[in-house]
Amino acid sequence: MAQEDVFKKIVSHCKEYGFVFPSSDIYDGLGAVYDYGQNGVELKNNIKQYWWQSMVLLHENIVGIDSAVFMHPTIWKASGHVDAFNDPLIDNRDSKKRYRADVLIEDQIARYEEKIEKEIAKARKRFKENFDESQYRATSPRVLDLVQKRDALHNRYSEAMNAMNLEELKQIILDEEIVCPISGTRNWTDVRQFNLMFKTEVGSTADGASTIYLRPETAQGIFVNYLNVQKTGRMKIPFGIAQIGKAFRNEIVARQFIFRMREFEQMEMQFFVKPGTELQWFEQWKQIRMAWHQALGFGAENYRFHDHEKLAHYANAASDVEFRMPFGFKEVEGIHSRTDFDLSQHAKYSGRKIEYFDPESNESYTPYVIETSIGVDRMFLSIMCHSYCEETLEGGESRVVLRLPAALAPTKLAVMPLVRKDGLPEKAREIMDELKFHFNCKYDEKDSIGKRYRRQDAVGTPYCITIDHDTLSDNCVTLRDRDTMQQQRVAIADLRSLIENKVSLTSLLKKLK
Ligand code: GAP
């Protein structure tokens, strides 16, 4: 099945099984805004818990905060967002559709990549087991030509973006003969800048309302609380402040479902270090964060770092963690060495001294910062994409199963009486009433057992237990594993420890040691 079709199936599965709904659905939705349903909210909460506990529980020198969405407007001037948090936009005059110029060009780069991969796939088919991919890449004139075109475009594009040269971006679009996907024409306007921050007003207009912004990142809430936390928490450098919260960006091109949203959630951690040690810490945080991703068991081959070649003026290193989505490797997390830019800017704009007195060296300095910043929704999407699986079973039957990591699954255990009589529902309720204090359980007595298993497979429930007539006398149940579909007879008294071991967040966190 084409990856595009797989992605469409994942999107409809998310809606059908209560994971993600379009916002304001009965009013036909609101662009790039989504709601999480009864299963989605559980998965999302589990992702957040996994992140939060890995930061705040496992690191003695990291504490959390929860800052407000609304902040003093000068903060966004100091951070550079008012002047520079822009996307380059271009319109097609025929379709009247608006696009991000950078996205049009990145899509073109991706098209070269697709062509290269197609050439390789064709050659592999032709040469079968004699195929030597690296030799083919190094010698095939067609592949070399495509690589040269891709790299030349990439370099030209990077330079134009770094200089924010809008004329050059338009020229690239014209030279590459990029057409509007709707009208099919190259009738483009000039490229212009568009600030991504949402504005609103605070106070009544009569007594002079002032413009404030919905925060486009949670990080600034951490920077402006640096002094509060450092002093009240008696924090010693190096230390970190973690935060999970909503962020808002007026994204023009709403694409790929919850990958790019206008209202989304971030999990950010700013780690304050002594100047001169930041690159060491940057490397260390890259490794820590990659281990966090890989502990989910999706396979190391599905992740890669994308180190930024050209850096923002305030950064001295930056790298993205990319995950293989059905639409290619995409950024899920950014790790940035932000120097002392943010704290210095806030010191300048607020007039406050924002420094750290180092008792060991007896000196004061403005700390440098390593930031790890991950989108909850992108993480959610990557997990759904990797877990969704259509299987043909022995006997030709098929099933859709969400192979979610057990610790993140919305429901850990489904409790099912075989029939709705003979005291089996009562026994099932009794078991559930005990286990529900330890993990998320769902009671299900409708339809055949086969149908009930399918329903639980589709929402990723790792375990089901069936209570049958024998249970009443032997106090055992049938425990069924989602992935292997194998069943075993288990004593009710052993259920809790058996399941808890496999589904608890603790077991996942222990992999991070
Ligand atoms: N404080 C740094 C910062 O905000 P970013 O690369 O702009 O950096 C960090 O964003 C992460 O937030 C991204 O890696 C992505 O996971 C998530 N993110 C950013 N924009 C998003 C959007 N429009 N929709 C969903 N997630 C987004």
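A residue counts as partly exposed when its relative accessible area lies between the buried limit of under 20% and the exposed limit of over 50%. Asn-162 has a relative accessible area of 44%, so it is partly exposed. The model is predicted.

**Asn-162**
- Asn-162 belongs to helix H7, which spans residues 141–162.
- Its C-alpha atom is 17 Å from that of Asp-320, a residue 158 positions away along the chain.

**Nonpolar cores**
- The largest nonpolar core has 59 residues, and Phe-19, Tyr-50, Trp-51, Phe-380 and Met-384 touch the most other members.
- Helix H13 (residues 376–387) supplies the largest share of this core, 7 residues.
- Another core, of 24 residues, lies apart from the largest one and includes Tyr-136, Tyr-157, Ile-173 and Ile-178.
- Beyond its neighbours within four places in sequence, Phe-380 is in contact with Phe-19, Val-20, Tyr-36, Gly-40, Leu-43, Lys-44, Ile-47 and Ile-258.

**Crossing of H2 and H13**
- The axes of H2 (residues 40–57) and H13 come within 10 Å and cross at roughly 110°, which means that H2 is roughly perpendicular to H13.
- The crossing of H2 past H13 is right-handed.
- On the H2 side, the contact is made by Gly-40, Leu-43, Lys-44, Ile-47 and Lys-48.
- On the H13 side, Val-376, Asp-377, Met-379, Phe-380, Ile-383 and Met-384 take part.
- By type, the residues of this contact are 7 nonpolar, 1 polar and 3 charged.

Definitions and conventions
Residues numbered from 1 in each chain as written. Predicted model: local features only at pLDDT ≥ 70, side-chain atom pairs only at ≥ 80, totals over all residues. Heavy atoms only, no water. Core = buried A, V, L, I, M, F, W, Y, C linked by side-chain atoms within 4.5 Å. Buried < 20%, exposed > 50% of the residue type's maximum accessible area, 1.4 Å probe, protein only. Helix = DSSP H or I, 4+ residues; strand = E, 2+ residues; numbered from the N terminus. Contact = heavy atoms within 4.5 Å. Axes fitted to C-alpha atoms, helices over the stretch in contact; angles between N-to-C directions. Parallel < 35°, antiparallel > 145°, perpendicular 65-115°, else oblique. Left-handed = near helix turned anticlockwise from the far one by under 90°. Nonpolar A, V, L, I, M, F, W, Y, C, P; charged D, E, K, R; others polar.
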